[in-house]
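Please examine the structure shown below.

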Amino acid sequence: MHNDEPLLIEQAKRYDQKAISELYKRHVQNIYRYIYYRVGDVNVAEDLTAEVFLKALEGLEGFTYRGIPFSAWLHRIAQARIMDHFRQQARRELLPLDERLVATEKSLQAVTEARLEHEELQSALAQLTEDQQQVIILKFVEGLSNAEVARILGKSEGAIKSLQHRALNSLQRIMRREE
Amino acid sequence: MTEPDLEAILDECLQNMSTPGESIERCLQRYPQYAGQLAPLVQVADHIRRTSHPMLSASATQAIEQRLLRKAGELRQSRAKPGLRPLSLSWRPLVTIAAVLIVVLALVLAGGGGIVYASTDSLPGDPLYGIKRAAEQVQLFFAPAGTRRAELHLKFAERRLEETQALVETRGKVDEETLAAIAQETELALEEVEGVHPADRSELVEKLISLTERQQAVLKSVQAKAPESAQKGLNRALEASQRGHERAREALEKEKPRQETRPTQSPTPFETPKPTHTPKATHTPGPTKTPKPTHVPGKHGRGQEPLSTPPGRSGEVHGPPSTPPGKLEEREQETPATSPGKSGEEHGPPATPPGQSGEKEHGPPDTPPGQDKDGGKDKGGGKGKGP
């Protein structure tokens, strides 16, 4: 965390444009990557990223440092948005076939545009459990510490180490199988 | 070795990987009996770390930032209770405004009301033109944020346009500052409109569209008569006007669904454009206006603190226009728009981040999404992928 972040947050609470821009620029790529690896679709990831920051802005007034860093708070908002997306998608699967085809074509186009490397990793991650995915993304994509991941997921550091172990075990099996 | 021990050793090796001078090999050498088990796991982690991860494109980054700043503007406007001017101002605008006030009020008190009045017909470069612009600043100074201010900016944009036309017709020249002021006043009107009450917004947006259309017609006619040296500035003004027009059109599109759900509200046509600059005999300049005691000066209501928390502040009024069409809007509808901070939720742990309030509708209140036990069947990430 940057030293000036609490000050920036206080300024952003008063809707200071510079402070809001600065906070956004510091966190946007991490939030985007976190969302992208969870949803696997560039367009959806962009939409959800926008939604996370808009929600954060609306709720900023109530944010206080109580053992949770700003980035962790953003990740929690992102997690809530991702879950909303999956629920909505589950409902969309009940749509008539034509509508589903349109949605699939769009996703196909977006995914083919994505780099192979991301795609492979995302595909492997998708086979993990929800918590395992989060631990891998937060620790190895975003480079957060066990303590930070624990705060975001609301678990102990011991639980994070355990999840990390199981997640890496599963991933290496998946990757070996896919080679 | 027990599982927890192996987990701890794995974690130690993973942490060491990011320490200078450390390597996977060195860590594995410390635990040779487990090297076979640890090596593939550490290698997977290393592979993920080294992967070139996706980046949000520059255009998307910028577009989201713009939406965020627009939203911030709306929220700021909604915080400022109409009729209660924000207090905090930086010194420079305060001093400038105070100086303008003193000069204009002194002129009025010294029987100079006529001077202010006479200045209304002045053109850039005239001795009284500064008084005219100062009087406008005073009007803005006392105008409450929202509809009134937006109307003033529209009016001043219209005036600058008339002045430009009059200058080229009577003196055969163009004033760059006045041209820039056309765009500036239009921009300020657009910004102000975003923060006004939805009931008033459509009418103002219609006026903005009408104004920008007229700007383009007038500027093109001016361009035909203006000297070569003025063409560049006129082109810039035309481009700025076009941008303003597009933004106003977008704003109107956003207003349409709202209008359809309300009783018919016919847009008030903007005042008829004047082909040439004509003195307005009935115009009363701003300085004579009685200041409202509840107002404290502010420049367009930005970066200022309200005197108190305004009642009725919510996202209800300003939320919808910033919601993008399509998927996001659908999500908003499904997730009750509980405005963060309203529900009394706090945002530290065990705080609920904004937007998570809607989660409770979908599951047991005590089970926030994404908090399932490891090994649970909630494999949300498995869904929603492209092929």
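In chain B of this predicted model, helix α7 (residues 147-170) and helix α8 (residues 176-194) have axes that come within 8 Å and cross at roughly 160°. Axes here are lines fitted to C-alpha atoms, for helices over the stretch in contact, and angles run from 0 to 180 degrees between N-to-C directions. The crossing angle therefore makes α7(B) roughly antiparallel to α8(B); angles under 35 degrees count as roughly parallel, over 145 as roughly antiparallel, 65 to 115 as roughly perpendicular and the rest as oblique. The crossing of α7(B) with α8(B) is left-handed, a term used if the near helix is turned anticlockwise from the far one by less than a right angle, with clockwise giving a right-handed crossing. On the α7(B) side, the residues in contact include B:H153, B:F156 and B:R160, and on the α8(B) side they include B:I182, B:E185 and B:L188; contact means heavy atoms within 4.5 Å. The residues of this contact of α7(B) with α8(B) comprise 11 nonpolar, 4 polar and 5 charged. In that division, Ala, Val, Leu, Ile, Met, Phe, Trp, Tyr, Cys and Pro count as nonpolar, Asp, Glu, Lys and Arg as charged, and the others, Gly among them, as polar.

Helix α7(B) also packs with helix α9 (residues 198-225) of chain B, at an angle of about 10° and with the axes 10 Å apart. This angle makes α7(B) roughly parallel to α9(B). Among the residues that make the contact are B:T147, B:E151 and B:V168 of α7(B), together with B:L204, B:L211 and B:K225 of α9(B). The residues of the contact of α7(B) with α9(B) divide into 11 nonpolar, 5 polar and 7 charged.

Chain B as a whole has 12 helices and 0 strands, where helices (H or I, at least four residues) and strands (E, at least two) are DSSP runs numbered from the N terminus. Of the 387 residues in chain B, 47% are buried; buried means under 20% relative accessible area, exposed over 50%, and partly exposed in between (1.4 Å probe, protein chains only). Among the contacts in chain B with a separation of 6 or more, 73% are between residues 24 or more positions apart.

Two buried residues illustrate contacts between the chains. B:E65 is found in helix α4 (residues 58-79) of chain B and is buried, at 11% relative accessibility. Apart from neighbours within four places in sequence, B:E65 is in contact with A:S21, A:Y24 and A:K25. A:Q29 is found in helix α2 (residues 17-39) of chain A and counts as buried at 17% relative accessibility. Not counting residues up to four places away in sequence, A:Q29 touches B:M55, B:L56 and B:T61.

The aromatic rings remain. Over all chains, the structure holds 6 aromatic pairs; rings of Phe, Tyr and Trp (its six-membered ring) pair if their centres lie within 6.5 Å, and planes under 30 degrees apart count as stacked, over 60 as edge-to-face and the rest as tilted. A:F70 and A:W73 form a tilted pair, 5.7 Å centre to centre with 35° between the planes. Both residues lie in helix α4 (residues 70-92) of chain A, 3 residues apart, about one turn of the helix. A:F70 is buried, with a relative accessible area of 4%, and A:W73 is buried at 0% relative accessibility. Ring pairs also link A:Y32, A:Y36 and A:Y37 into a cluster.

Residues are numbered from 1 along each chain as its sequence is written, and chains are lettered from A and ligands numbered from 1 in the order in which they are written. In this predicted model, local features need pLDDT of at least 70, side-chain atom pairs count only at pLDDT 80 or more, and totals for chains, interfaces and linings use all residues, while side-chain values use heavy atoms, with hydrogens and water left out.
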